[in-house]
Amino acid sequence: MMRDLRFYLLVALGLVAFPFALHLIKGYPGLATQILIVGIAAVGFNLLLGYAGLLSYGQAMFYGVGSYVSLLTVSRFFPAHPNFWLALILAVALVTVMASLIGALTVRLYGIYFALLTLAFAQMFFFIVFQWRDLTHGDDGLQGITAPPLPLGFTSIDLTTALPAANLGPLGNLADIHYWYVFAAIVLLLVLVFVRTLTTSQFGEVLRAIRENEERSTFVGFDPARYKLAAFVIAGALTGLSGALKGLYETSTSVETLNIETSGSFVIYTVLGGVHTLLGPLVGTGLVMYLQNVISGVTDSWRLIEGLVFVAIVIFLPGGLLGPLRDRSAARRRLAATVRTAPPSPTAPTASTGGAP
């Protein structure tokens, strides 16, 4: 329990410091908010890839549909009474239903067949959104849709409002950060608590057993299809949540959110940061988005730099950037388990207080 609380406290402190640390390397608070929002989808995808061992190329359909539904909810479905929470709930609910139906058809497949079928579904949704011009505006997408304030009991907060001004020297100014970052950080922290609880429970243990040897897990008495479907649905719901937040934050979305490049990005984020780690996908997301948004403004060769970074990590850190930390943590747990289960050391015989027999 104390270990979990310490972990969450460190993560919370990291989220507080993140925009200021990003400022030191020429980043900006808006990028910090985007990284946290996209990171939610990457964490969900890692539940699928890292724990269930399922490589999906269809996460873009959940991400894109989530962004479209959230913006359509506040602009077209309920234009007279737009509600921030309603937009999020409808987006996540619809994506969850999508993931349940698609997962029921795909999780019984293995390897490349599973990946290709998820890709096929993603392409199908891409063309549905592209062709449904009356609702989605086709390749123009949805633009300039302002998100309503965030209702909190008897009051509400405009998330575009800046925090109170405070000059922090080289760390920037507190007023550069908007309440959107605070909200995204809280949502991400809750997602991390949920996923960590899930992966350290029996559910997570069964997922890992299925990933390592599905046939043996079946003999033990588990139903792999049910567990993989659950992981698929949870990953889809978290990706839909991320897409909904993305649409409301950026006040726009386009059909490009559903393309194969978006799905591939989640794979890259996870592999770079570290598969089988909770925070690895966040680290990978931050690294790639930093290269795309900051380094690209410095040099036109940023794609070359991105490729070299990717190759270097795959070759020298095949477990991802956080892979060594995961390995050391696993080694400490094995050592602790060995110490607990080791037989007691023999003790020296004590001298008898009585006479010789």
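The structure treated here is a predicted model, and each exercise is followed by a solution in steps.

**Exercise 1. The chain as a whole**

Describe the protein chain by its secondary structure, its extent and its surface.

*Solution.* Begin with the secondary structure, which comes to 14 helices and two strands. Next take the extent: along the principal axes, the C-alpha atoms fill a box of roughly 100 × 55 × 50 Å. Then turn to burial, where 46% of the 357 residues count as buried. The accessible surface comes to about 18300 Å², and carbon and sulfur atoms account for 67% of that area. Among contacts between residues at least 6 apart in sequence, 73% join residues at least 24 apart. Finally, consider the charges: the chain carries 20 positive and 17 negative side chains, and the centres of these two sets lie 13 Å apart.

**Exercise 2. Two residues and their surroundings**

Decide whether A32 is buried or exposed, and do likewise for V16.

*Solution.* Start by placing A32, which is found in helix α2, a helix that covers residues 29-51. The relative accessibility of A32 is 0%, and because buried means under 20%, A32 counts as buried. Leaving aside residues up to four places away in sequence, A32 touches F18, P19, L22 and Y181. A21 is eleven residues from A32 in sequence, and the C-alpha atoms of the two are 9.8 Å apart in space.

Now place V16, which lies in helix α1. Its relative accessible area is 55%, and because exposed means over 50%, V16 is exposed. V16 and A185 are 169 residues apart in sequence, yet their C-alpha atoms are 8.3 Å apart in space.

**Exercise 3. A cavity and a pocket**

Find which helix gives the most residues to the lining of the largest cavity, and which one gives the most to the second largest pocket.

*Solution.* Rolling a probe the size of a water molecule over the atoms shows where empty space is left. A search of the whole structure finds one cavity of 30 Å³ or more, and the volume of the largest cavity is about 50 Å³. Its lining consists of P19, F20, H23, P29, L171, G172, N173, D176 and I177. Helix α1, residues 2-24, gives the most to this lining, with three residues.

The second largest pocket has a volume of about 730 Å³. It is lined by 32 residues, of which E261, T262, S265, Y269 and Q292 lie nearest its centre. The elements that give two or more residues to the lining are α2, α10 (224-250), α11 (260-273), α12 (280-293) and α13 (302-316). Among these elements, α11 gives the most, with seven residues.

**Exercise 4. Positive phi values**

State the phi of K26 and of H137, and say where each residue lies.

*Solution.* Recall that most residues other than glycine have a negative phi. K26 lies in the loop between α1 and α2, and because its relative accessibility is 69%, it counts as exposed.

For H137, phi is near 65 degrees, again a positive value in a residue other than glycine. H137 lies in the loop between α6, residues 133-136, and β1, residues 150-152. Because its relative accessibility is 40%, H137 counts as partly exposed.

Conventions: Residues numbered from 1 in each chain as written. Predicted model: local features only at pLDDT ≥ 70, side-chain atom pairs only at ≥ 80, totals over all residues. Heavy atoms only, no water. Helix = DSSP H or I, 4+ residues; strand = E, 2+ residues; numbered from the N terminus. Buried < 20%, exposed > 50% of the residue type's maximum accessible area, 1.4 Å probe, protein only. Contact = heavy atoms within 4.5 Å. Areas by Shrake-Rupley, 256 points an atom, 1.4 Å probe, with all protein chains shown as cover. Lys, Arg positive; Asp, Glu negative; His and termini not counted. Charge placed at Lys NZ, Arg CZ, Asp CG, Glu CD. 1 Å grid on protein atoms, 1.4 Å probe; cavity = no way out; pocket = protein on both sides within 12 Å on 5 of 7 lines; lining within 4 Å. Points joined across faces, edges and corners; volume = space filled by probe spheres on them.
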